[in-house]
Amino acid sequence: VARSLLDWTLIVSSLEVMQYFYLIDMWTWMYRARARRGHQYMKRRVLGDKTPFLIRIALGAGGLTGIVVLLFLPFLIFSNANPFFRAREVLRADYSIQLQAANVTYSLYERSTLVVPEVTEEEALVFGDEYGFEIIPQNRVRFHAVAFDRDSSALWLPSPEDSANIQASLSLFGATETRAISNRWHVRRARKRRERLNSELTRQSNITGDPTLAFTIALRTDNQILLANSQVALSAVQAKAIADAIGSNSNASVYVENSIAKYWSLSSISDSLLAVSRGDNALCLELNYVPIGGNSSTASALYSPWWSARDCYAQEDGSPSSAASCGCDASNPEDDGASSPFAMAYLFEFAEVSTINVGGGTIIALYGVILLSLATAVRAPLIGGASKVVFQEMPYLLHLLQVVYDIIHARQDGNLVMEERLAFAIFDVYRDPHELKKWAGERQLMPSEQWWKKENAPLALPSYKETRNEPYIKLKAD
């Protein structure tokens, strides 16, 4: 349709747009009928021959099977029997912990791993028991356990300016929170003093911003990056501990009660990870200062600082972990707590994705689309046969095709009067069934003994073969 409309727009013709479409449609039916006649002639079919069994099976039973498959295809795609599912392959995992203070982000801990093993459902259940969350088994899912080492992959070497800004911001936050707590009873005694204190606290909060720890796990697949994020606000005690450690080049341990969830899932129709269960996600974040050369007695000693992180497990009696039980307090900063082959571990559940892209539609929408498409594809060639047989079963096409070619040649020669007269003439032929039969000829059905006597010597004209024995009816302008 688009091609015919474009042709009519660009060529110089006397035909109106609908007349041009009528002519193109006639030409199309003539080509189909001629191709069908040629195919039937090449088969050399004898009058009365039965249709071969294999053709009946292929077109009859095969067509019926195809229709049934298409009707039940939506149910197959959304079922567990779908053979077109594939698993997501995780190529790499990155873990980072960042400090956000004074509206500036500073990287503390970074670790990557190229080994993201797929674990069985039984191993995932054991993982859930170890970290205090429950796994509900599902179909078409794969589990991946991601583990990271304790120490950061790089030393923490902030610039002197960044180090001073971090220390100042955390110290100010810790001091402000402490003052707010200590003055809680005093502000009740004097309204003006309370308003002045609140104004100062608001001004300082706007300048510094509450310091937070941002946890991010990035999983890299073959075609996307999946992010798991979480943020935790630092308390005044934690902020002061880090600030003091940075100022004095000493070790510090911060117990983070709720870091990042232990159990994440990804559905087959989503590109975002969803936290399923936080589990026992307590974490011990440590800042370590080691003097270079082993001598820390001199004031000018150089240090190699780095951050480390490790999981804090629940206690043996089932009670939640604490800073003391995890060995994450100032009294015992060197205790590693519970032993584990890795410092931190997380579980990811990936639903398998189908290689057949069904978009975001539901099974009802997909079924409706397939049903309508199937009805159009199957019924369109079969319905209306009584009106189509006139054009599909024409034995002889050369006369009618010659008129179409004459119309085209008249247009190319610029003889638009002849083009229009010939177009009206062929329209009149199609309007009269008797005239159309006269132009298209009559079918000759020969018995088998007269059909093929020898391989290359037919004694009678094949019923479907185009010949020039009929008189060619020419249309001439008066």
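Reader: Is Y95 buried or exposed?

Author: Y95 counts as buried, because its relative accessibility is 1%. Buried means under 20% relative accessible area, exposed means over 50%, and partly exposed lies in between (1.4 Å probe, protein chains only). This is a predicted model: local features need pLDDT of at least 70, side-chain atom pairs count only at pLDDT 80 or more, and totals for chains, interfaces and linings use all residues. Residues are numbered from 1 along each chain as its sequence is written, and side-chain values use heavy atoms, with hydrogens and water left out.

Reader: What describes a pair of aromatic rings?

Author: The distance of the centres and the angle of the planes describe a pair of aromatic rings. Rings of Phe, Tyr and Trp (its six-membered ring) pair if their centres lie within 6.5 Å. Planes under 30 degrees apart count as stacked, over 60 as edge-to-face, and the rest as tilted. The count here comes to 13 aromatic pairs. One of them joins Y95 and F148: it is tilted, at 5.1 Å centre to centre and 50 degrees between the planes.

Reader: Where do Y95 and F148 lie in the chain?

Author: Y95 is in strand 2 (residues 90–101) and F148 is in strand 5 (residues 141–148), 53 residues apart. Strands (E, at least two residues) and helices (H or I, at least four) are DSSP runs, numbered from the N terminus. F148 is buried too, with a relative accessible area of 1%.

Reader: Which kind of pair do Y95 and Y346 form?

Author: The pair is edge-to-face, because the planes stand at 80 degrees, with the ring centres 5.6 Å apart. Y346 lies in strand 13 (residues 344–351), so the pair ties together parts 251 residues apart in sequence. Ring pairs link Y95, Y109, F148 and Y346 into a cluster.

Reader: Which charged end sits over the ring of Y346?

Author: That of K262, 4.0 Å from the ring centre. The rule asks for NZ of Lys or CZ of Arg within 6 Å of the ring centre and within 35 degrees of the ring normal.

Reader: How many salt bridges are there?

Author: The count comes to twelve. A salt bridge is a side-chain nitrogen of Lys or Arg within 4 Å of a carboxyl oxygen of Asp or Glu. R92 bridges to D94, with the closest N and O atoms 2.9 Å apart. D94 also meets R220 (3.0 Å, N to O). D94 is in strand 2 and R220 in strand 6 (residues 212–221), 126 residues apart.
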